[in-house]
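Please have a look at the structure first, and then I will go through it slowly.

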Amino acid sequence: MDFYGFYTGKEFEAYEYLGAHVQKDGVVFRTFAPSAKEISVIGEFSAWKEIPMKKVYDGNFWECCVKEAKPGDMYKYRITGANGRTLDHCDPYGYGMELRPHTASIVRDLSTYRFKDEKWMQERTAGKDKPLNIYEVHLGSWKKKTGEEDGWYSYSEIAELLVPYLKEYHYQYVEVLPLSEHPSDESWGYQNTGFFSPTSRYGTAQELMKFVDVCHKAGIGVIMDFVPVHFAVDDYALWQYDGTALYEYPHVDVGRSEWGSCNFMHSRGEVRSFLQSAAHYWLSKYHFDGLRMDAVNNLIYWQGDAKRGENKNGIQFLQGLNQGLKQRFPSAILAAEDSSSFEKVTAGVEYGGLGFDYKWDMGWMNDTLEYFKEDTGRRIGDYHKLTFSMQYFYNESYLLPLSHDEVVHGKATIFQKMNGQYEQKFPQARALYLYMFAHPGKKLNFMGNEFAQVREWDEKREQDWMLLEYPNHDSFHAFMKKLNQVYEKNPALYERDYERDGFQWVDCAQKSLCVYAFERKSDNQRILAVFNFSDTRKPYEVTLSGTQKLKFLLATDMDIYGGDREYKKKTISGKDGVFQLELSAFSGQMYEIR
């Protein structure tokens, strides 16, 4: 390890030195605890009796080699800190951990798994000009085993179920909620204790590697949520690790996050190296194809509040992290969950940006969902909620998310957010999703959205798959499958997402009608999307200069998807570029322009 780089926040592979490493003559344990008075390693290999560790290098690192230790053994560090307290800690750089409520680290030998995804890794890209439709999943509640206490499938077991589903429904990527170890199921993985430990809820490190490998074999990329802002307060983990605030701020006003967890002190080089190494670890050792970074707003501004000013250390950390990762993994996807108006989030660091590939478009998400909650009368007054996104869209490389955060804590599911009673919600939800997939930007949908989940997400229960036994939900599911396929097969819907000539309004001045029309373009294709978001059926005339025909692609009111119309004509002819369309209430239509 580059010790100077570690201290100055330039190190990306500290996990190769720190932690527990299997050697020919046993296991070497190393930890960074500069203020500790004494440290011993305890574990199964010593019947949990103390084996003293000695200071090495500059006295800030502690080390010992245990000949009796082997892969699979549990262990902890018994640390007498600067404050005089002696506590047993899990290993900050440990490759494995016990299942909650137990807290021991586990020796893992990561070299025993051999990936078979060379072709995928060589050919993958960040996807700017590719279809990028992401299925967001919480592995513990997508499906569950019956008759078991927690009902979790292992990483390898869920791969057998999930991957065929992703392929059948034309998703290109799956995004998993954080898989680094966490003590509370209710945190969904966002309150970490083991930043280098795949959660043991679903199995071992090797099983997670197999999960990623199976996805790659099927042509599916895998993104993982990564939490670089804060960590769990549990005293067996990072908090007061050596008896001092080693990873966190010493002052509560900036040291505690809005979630009650500890904020990382990003001004410290050792902390930056820790987080950079964790990000590198998941991309390198597990072949993840990208990271979605949580709560970026809280790195840009102190406590996420723009009124408190920019957090220069947080910004510099993000720039160094992203630039370093892109140098090492140029084809990996780095996405920011950021609700701020901070500029250049997706610009290169060399241009003064933060260096992300994509930014979640939280503005689009909020405006769109607020619009669909309203009745027709209010939609007339808020007509330009759906045009506003294109006024700022080219400022960043945006990704359109309808994520887990939108279907919990009393917010209602995406389907339930639609205006009106149960039956009326289906046509509106279909229209919402056609609008989403026609709009520029990559796509992300949380599990359950695709079959109009009614119940808010609960991490303790699997998705309500029995809804597919009901015709409305089954038809909606079929519509989403077709929509995903149309998106995947038509370059105009993704090739020029971030080029201004890839989108053009055809009609955004029908306020009293709640009608919108726009065109998407690629090098060799043009697509027209037309929407009526009012509660009345109406004829609509659209003019497309130089166009002779429209080839039908998809409509939300098709009878096979729960609508009331049968689209028999697959090609519509126009006169002098003028086309006569019939728009059902709460509907959308999509055509290829010929």
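I will start with the salt bridges and finish with the helix.

Please keep in mind that this is a predicted model. Across the whole structure, a search finds 36 salt bridges, and I have picked a few of them. Side chains of opposite charge can pair when their charged atoms come close.

Take Glu157 and Lys145, whose side chains meet in a salt bridge at 2.9 Å, N to O. Glu157 belongs to helix 3, while Lys145 sits in the loop between strand 10 and helix 3, so this pair ties together parts that are 12 residues apart in sequence. Glu157 is partly exposed, with a relative accessible area of 30%, and Lys145 is also partly exposed, at 23%.

Glu186 and Lys460 form another salt bridge, with the closest N and O atoms 2.4 Å apart. Here the pair links distant parts of the chain, 274 residues apart, with Glu186 in the loop between strand 12 and strand 13, and Lys460 in the loop between strand 21 and helix 14. Glu186 is partly exposed at 44% relative accessibility, as is Lys460 at 47%.

And what about Asp294 and Arg292, buried or exposed? Both are buried, and their side chains meet in a salt bridge of 3.1 Å, N to O. There is also a network of salt bridges, which links Arg100, Asp150, Glu181, Asp185 and Arg201.

Finally, helix 9 covers residues 362-373, and its 12 residues should span 16 Å at 1.5 Å a residue, which agrees with the 17 Å between its end C-alpha atoms. Its buried residues include Trp364, Thr368 and Tyr371.

Notes:
Residues are numbered from 1 along each chain as its sequence is written. This is a predicted model: local features need pLDDT of at least 70, side-chain atom pairs count only at pLDDT 80 or more; totals for chains, interfaces and linings use all residues. Side-chain values use heavy atoms; hydrogens and water are left out. Helices (H or I, at least four residues) and strands (E, at least two) are DSSP runs, numbered from the N terminus. The expected span of a helix is 1.5 Å times one less than its number of residues. Buried means under 20% relative accessible area, exposed over 50%, partly exposed in between (1.4 Å probe, protein chains only). A salt bridge is a side-chain nitrogen of Lys or Arg within 4 Å of a carboxyl oxygen of Asp or Glu.
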